[in-house]
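The entries follow the order in which I looked.

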Amino acid sequence: MAHYSRLTTHGSQLVLGIETSCDETAAAVVSGERAILSNLLLSQFSEHKAFGGVVPEIAARSHVRHLDRLIGAAVEQAGIGFQDLDGIAATCGPGLIGGVMVGMMAAKAMAAALKKPFIGVNHLEAHALTPRLTNDVAFPYLLLLVSGGHTQVLAAEGVGRYRLLGGTLDDALGECFDKAGKLMGLPHPGGPQIEKMAERCADGAAALARFPLPRPMAGRHDPVFSFSGLKTAVRTHAERLEGETLAIRDVADLSFALQAAAAETVAERCAKAVDLFKETYGSGHALVVSGGVAANRAIRAALEALAAGHGMAFHAPPVALCGDNAAMVAWAGIERLRLGLTDPLNMPARPRWPLEEERNRQVS
Ligand code: KG4
Ligand code: ZN
C-alpha cells in the first residue's frame, strides 16, 4: 500500500468537499491556507440535454455512478492520503434530495470509517463564503447571492450568521435566464448561452429600442426582486417575431436586451441594499457577489460600478468558482471546522434550507 504523508507546505487543516445537490458531481480538497489542492467536477449536461432541464432521478443515479471515483481522484490529485484529511464536508441541502443524499451519505460513511469529523454544509453558505476563499474578504460584507434557485441580498456577519435584507418574490435570476433561453431555443442552462448571444449583438442601442423590457421593482425602497415579469416580456417579444425558429440576430438582440435589463435591475435593487446595510454596519465593508449568475460579466460590471460609487470594495469569485463546485463546499467545511462546528452522523438532508437559519447553528 502506498504511503502518503502530509505536504509540509500545507501544514494547516485539509478538508475534502463533496457537492451533489444538482447536476454536477464534484469533489475537492482545500487547505486552511486557502489552497485548492484539487477541484474536480463532472457535469451531467449530456445526460439531461434531451429533457431541457435537470431530471432529479437521472441526476441522483449519475452521482451514485461517478462519486466514488471522483473522490478518489480528488484525494490523489491533492497529493495526500485519506488519513491526512482533517474533515469531510458535503452539501446537505438545499437541492434535489436524491442527489444530496448520495453525497451526504458518502461523506458520512467516510467520516465514520476514517474517524474524522463530518461537516454538513448548506450549499448557499458554500456560495456565500467563496469570496473568503478567493479574496480573503473580512466580515461583515454585503452579499448578493444569485443562482438558478436563489436571488437574495444578505448581510454576512460571520460563519453561520446571515441576515436577509431582501429576496425574490417569484423567480430567481438564473431561473429567468434559463426559462428565457429555453423559449428562445437556446440549450440549457440558458444563462451562459444568453451571455454568449448578447456578445453577438451588433448594435446594443438598437437592440434596446427594438426590445423594450421592464426593470422589475425599480424605485421600491426595499431591496426585493421579481423576475417572472421579465421572462414573460421576453416571451411576448419572441412570440411576436416571425417563424418557428428565431434568427440568430433576433436571439442576439433579445439576449442583449435581457442581459442589460437584468444587470441594471440588479444594480438598482442592490443600491437599496447598500443603504440598508450601511445603516447597520457603517462604511468600509465590501460588496460581494456569488452563485452561478455571478459569472455574468455585464452583471459583475454593473455591481462593480455600484460598489465604486459607494466607496465599497467589490469582490466576485473567478468564473470557475461562481457555479456549483466542491472547492466551495470544502472551504465552508474548513471555516466551520475551525469554529468547532462539526455535525452528527444523523444530520438530515434538507431539500429546503434557508441561509438565515444557519444563524441557529452558530456557536457563540
Ligand atoms: O450556482 P449554480 O451553478 O447552481 C445553483 O445553485 O442554482 O447556478 C446556476 C445558474 C443557472 O441558472 C445558470 O443559467 C446561471 O447560473 N448562470 C449564468 C451564467 N453562468 C451560469 N447566468 C448568466 N450568465 C452567466 N454567464
Ligand atoms: Zn449553487
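I began with the shell and found that 18 residues surround ligand 1, the closest being Gly 148, Asp 178, Glu 195, Gly 292 and Asp 324, where a residue is near a molecule if one of its heavy atoms lies within 4 Å of it. I noted that this is a predicted model, in which local features need pLDDT of at least 70, side-chain atom pairs count only at pLDDT 80 or more, and totals for chains, interfaces and linings use all residues. Residues are numbered from 1 along each chain as its sequence is written, chains are lettered from A and ligands numbered from 1 in the order in which they are written, and side-chain values use heavy atoms, with hydrogens and water left out.

Next I looked up polar atoms beside the ligand. A polar side-chain atom of Glu 195 lies 2.6 Å from a nitrogen atom of ligand 1, while a polar side-chain atom of His 127 lies 3.1 Å from an oxygen atom of ligand 1. For Gly 191 I found a backbone N or O atom 3.1 Å from an oxygen atom of ligand 1.

I then checked which elements take part: H4, H5 and H6 each give two or more residues to the shell around ligand 1, helices here being DSSP runs (H or I, at least four residues) numbered from the N terminus. Their ranges are 123-135 for helix H4, 173-183 for helix H5 and 190-199 for helix H6, and each of these helices also supplies at least two residues of the lining of the largest pocket.

Definitions and conventions
A polar contact is a pair of N or O atoms within 3.5 Å; within protein, one must be able to donate a hydrogen and the other to accept it, and residues adjacent in sequence count only if both atoms are side-chain atoms.
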